[in-house]
Amino acid sequence: MKKIKLYINGMHCASCASNIERAVKKIKGIITVSVSLMTNKAIIEAEDNVSLDEIKKTISKVGYNVVNVE
Amino acid sequence: MHHKESFEEKEIRSWKNKLIGAWLFTIPIALLMLLDRLLKINIFSEEVMVIIILILGFPVIFIFGFQTIKSGLRGFTSFYFNMDSLIALGTIIAYLTGIASFFISLQDYSGISSMIMAFFITGKFIEIKARGRASKEIKKLLELGAKKARILRNKEEIEIPIEDVQINDILIVKPGEKIPTDGIVIKGDSSVNESMVTGESIPVDKKINSNVIGATINQEGILYIKATKIGKDTFLAHIIELIEAAQSTKIPIQALADKITSIFVPTILIISVLTFAGWSIFSQDISRAFGISIAVLVIACPCALGLATPTTLMVSSGIGAKRGILIRKGEAIQTMKDIRTIVFDKTGTITQGNPEVTEIYSKNEKYLLEIVGSIEKLSEHPIAKAIVKKANLKSYKEVKNFKIIGGKGLEADISRNKIAIGNEALMNEKNIPLGNFKLVIDEFEEKAYTVLIVAENKKIIGIIGVADTIKEDSKYTINILNRQGFRTVMITGDNEKTARAIANQVGIKEVIAKVLPEEKSNKVRELQRRGMVCFVGDGINDAPALKQANVGIAMGTGTDIAIESGDIVLARGSLRGVVAAIALSKATFKKIKQNLFWAFAYNVIMIPLAIAGFIHPILAEIAMALSSITVITNANLLRRKKI
């Protein structure tokens, strides 16, 4: 299992945060997703085989940009 | 961290530009409409008027509102709708009515469309600024770290960027300067203001071997410090990490609001379509149906619902951080209100955790210390350390057959004499009679000493009383908690009498004594049968009990914080923080409830009113903007609360 921290650009309301959570949760291998509008941050726990690219792609499909990965 | 800060500033600036631009075009529209529709002064013909408004309105919606429109319309292709979807749909439909009015008989809402967008942008701008205020303490914390360090290299003082500091570098900190990173003092004498990270306002004295925390301010002397922790491992970095992580934890009360938020926008879209259909069919007035369904679209506000908890949590974390109270799990805020019992670990929580030999009863104290000191030297126990310190031996006797008897004491042989050091239970086990020493033991225990009985060849040769100083504000804190109606309990490995004596000194009512460290969490579980329990202990030894309790409060030691245990972490080892943490949790939870109530009430009342056609689209938009601003402002008001 791995923990990923992402900074997300473009969130402006609570439904944005909830959209990202819902979308990322649908990726296979994702264990937990928690998106904070206040810190513009997503904390994701995922199985090791989940690729960061897939997460990034999913988030951008919903309409937001990942600006930084920690 | 740096780019994030500028990112937010950039966002505020961009909304400000949009705001100015939008109103620049919207004000002429508003004036024209005022003259034309209300005062009936017709400068232009009806058709020219619509064209002018459409031209002026175009940049408002499609240039200044571009980001909103784009993000909103994306919802219709990805089916992840957001707040913007409502505004985008509302303004575009309103704008299109202007164009449509040339072809069919329809009221023109295009002027209103610009005003909705302008008010929306205004609301967003205020909201973002208020949100920034909500996190101002946290941002301060992020910027707290030193940027530069003065370092000694090849006997020369040079200034280097903080990123270049390595562990074991010798750093020089002059009076008034920030300590660059965590370290240990190797030369110099001073005091340090640590209030920014621990909340302790009185400067702390530092001398050789004192630990210092990065980002705290050196007061009067020069300190030479050896860097022990850098970058992500520092105390400050841990605090920041902890607070940031807390922002993503969920509070149960928010769950319903979150669920609603996630289906809110599509629901409103459906409702507005139904509203449109209903009004067009029953009133036969399509113009009116448009106006009303636009109002429904723009009045609905999932933002207030979604922001109620995170904004309050943010403000609360900021207030807490300033006082050295770090809320690690948002859930604790909600649980705290149901806590009735507070269990304190004794050592290190109520007491300093540095036991000292206070009294010795023996005919030959020198000999006693010689043998006890030699044996205890082999043990890691804090009490053993206290004895070794007291004995202060230059040379140690040869110890054989050293054996620890868990929870009772230890035994060993010194020059063929069998020595046993421990409590009454050990003496009983070894069949060593206490005799008249029982009186001394009782006396020591009543003084709250931990008693060590020393026997040589089954005969007692001395009694050692070890006391752990009670922390200054333990009594003060327990008093307050008792008065607030909490059931206060102390848990300890000490025997009943010693534990009682300490409990009496600080005012704790109940004592659970003779508890082995690994049994603490079981005791907490037992107490939980009679209600929610908060456990206060140090984060290192008490981790299981902290986890078992409904709310675990971990006490920091001042230079280290146990991040992984405890729902709330007190950066400073003072019990006063417990009272403040409880007050802060309760105030925060109340604020969250208030905010959620308003957010729910707003939507529950305003949406039906809009459906019923009582609210003009512009008023609807203003109300919407106000509702989220109100929630954030109310969260910011938490600062007024005295904690």
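**A walk through chains A and B**

Let's start where the two chains meet: 22 residues of chain A are in contact with 28 residues of chain B, where contact means that the C-beta atoms of two residues, placed from the backbone, lie within 7 Å. On the chain A side, the elements giving two or more residues are β1 (2–9), α1 (14–25), β2 (30–36), β3 (41–46) and α2 (52–62). These names come from DSSP runs, with helices (H or I, at least four residues) and strands (E, at least two) numbered from the N terminus. The biggest giver is α1(A), with eight residues. Sorted by class, this side of chain A has ten nonpolar, nine polar and three charged residues; here Ala, Val, Leu, Ile, Met, Phe, Trp, Tyr, Cys and Pro count as nonpolar, Asp, Glu, Lys and Arg as charged, and the others, Gly among them, as polar.

A word on what you're looking at: this is a predicted model, in which local features need pLDDT of at least 70 and side-chain atom pairs count only at pLDDT 80 or more, while totals for chains, interfaces and linings use all residues. Residues are numbered from 1 along each chain as its sequence is written, and chains are lettered from A and ligands numbered from 1 in the order in which they are written.

Now step back and take in chain B, which has 23 helices and 22 strands. Its radius of gyration is 34 Å, well over the 26 Å that the globule rule gives for 643 residues, so chain B is more spread out than a compact globule. (That radius is taken over C-alpha atoms, and the rule is 2.2 Å times the number of residues to the power 0.38.) Along the principal axes, the C-alpha atoms of chain B fill a box of roughly 115 × 65 × 40 Å. Of its 643 residues, 48% count as buried, meaning that 20 or more other C-beta atoms lie within 10 Å of a residue's own; exposed means 12 or fewer, and partly exposed is in between, with C-beta atoms placed from the backbone.

Next, find the open sheet of seven strands in chain B, ordered β10-β22-β21-β20-β11-β18-β19, with mixed pairing; strands pair if DSSP finds at least two bridges between them. β10 (325–327) and β19 (510–512) of chain B stand at the edges with a single partner strand each, so one side of each has no neighbour in the sheet. From one strand to the next, the twist averages 20°.

β11(B) pairs in the parallel sense over five bridges with β20 (532–538) of chain B, where B:Ile339 has B:Met532 as its bridge partner and B:Val343 has B:Phe535. β11(B) also pairs in the parallel sense over five bridges with β18 (487–491) of chain B, and there B:Asp345 is partnered by B:Ile491.

Elsewhere in chain B, helix α15 (382–391) has B:Ile383, B:Ala384, B:Ala386, B:Ile387 and B:Val388 buried. Covering them are, among others, β12 (356–362), α14 (365–376), β16 (450–456) and β17 (459–467) of chain B.

B:Asn168, with a positive phi near 80°, counts as exposed because it has 10 C-beta neighbours inside 10 Å. B:Ala448, with a positive phi near 70°, counts as buried because it has 22.

Terms used
Axes fitted to C-alpha atoms, helices over the stretch in contact; angles between N-to-C directions.
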